[in-house]
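I want to go through the fold first and then the packing.

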Amino acid sequence: MLKEPNPLNVFNLRTLTIPPPHFEYCTIPMTYNLLDAITNWVKDNLKGRYYIGPAIDLDQRPVLKIGFEEPKELSYFMLACPLLKYN
């Protein structure tokens, strides 16, 4: 069965390169190859616009900043992403 295409993917508008201030964010400790794995999980399991990129936390440690336009997608990501269970 074919899935309906996501218009944001078709027009290459889903992934943002700059973190917008109106997104909801979380940060997780940066580990090897986590950026690619989380990006693939988000593309496969969520539908809205998102931002994923490196950042620095208050203790000057590298973290991965993940933001979603829809707050419910952030909640689903935090609950369902298996990559977060092993950090």
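Predicted model: local features only at pLDDT ≥ 70, side-chain atom pairs only at ≥ 80, totals over all residues.

How many bridges join β2 to β4, and do they run parallel or antiparallel? I looked this up first: there are six bridges between β2 and β4, and the two strands run antiparallel.

Then I traced the whole sheet. It is open, built from four strands in the order β1-β3-β4-β2, and the pairing is mixed. The edges are β1 (15-16) and β2, each of which pairs on one side only.

**Entry: helices against the sheet**

Next I looked at what sits on the strands. α2 packs on the sheet and touches β1, β2, β3 and β4. I get about 160 degrees between the direction of α2 and that of β3. α3 lies across β2 and β4, and its run makes about 25 degrees with β2.

**Entry: the core**

Which residues touch the most other members of the largest nonpolar core? I find I38, V42, I66, F68 and F77, out of 16 residues in that core. The elements that supply two or more residues are β2 (24-29), α2 (34-45), β3 (50-56), β4 (62-68) and α3 (71-80). α2 gives the most, with four residues. General reminder for myself: in soluble globular proteins, nonpolar side chains tend to be buried together.

Ignoring neighbours within four places in sequence, I38 is in contact with I28, I52, L64, I66, F77, L83 and L84. Of these, I66 and F77 are also on the list of core residues that touch the most other members.

**Entry: the whole chain**

I count three helices and four strands, and along the sequence they come as α-β-β-α-β-β-α. The radius of gyration is 13 Å, close to the 12 Å from the globule rule for 87 residues, so the protein is as compact as a globular protein of that length. I also took the spans of the C-alpha trace along the principal axes, and they are about 45 × 30 × 20 Å.

Contacts next: of those with a separation of 6 or more, 66% are between residues 24 or more positions apart.

Last, the surface. I have 32% of the 87 residues down as buried. The accessible surface comes to about 6300 Å², and carbon and sulfur atoms hold 59% of it.

Terms used. Residues numbered from 1 in each chain as written. Heavy atoms only, no water. Core = buried A, V, L, I, M, F, W, Y, C linked by side-chain atoms within 4.5 Å. Buried < 20%, exposed > 50% of the residue type's maximum accessible area, 1.4 Å probe, protein only. Contact = heavy atoms within 4.5 Å. Pairing = 2+ DSSP bridges. Axes fitted to C-alpha atoms, helices over the stretch in contact; angles between N-to-C directions. Rg over C-alpha atoms; globule rule 2.2 N^0.38 Å. Areas by Shrake-Rupley, 256 points an atom, 1.4 Å probe, with all protein chains shown as cover.
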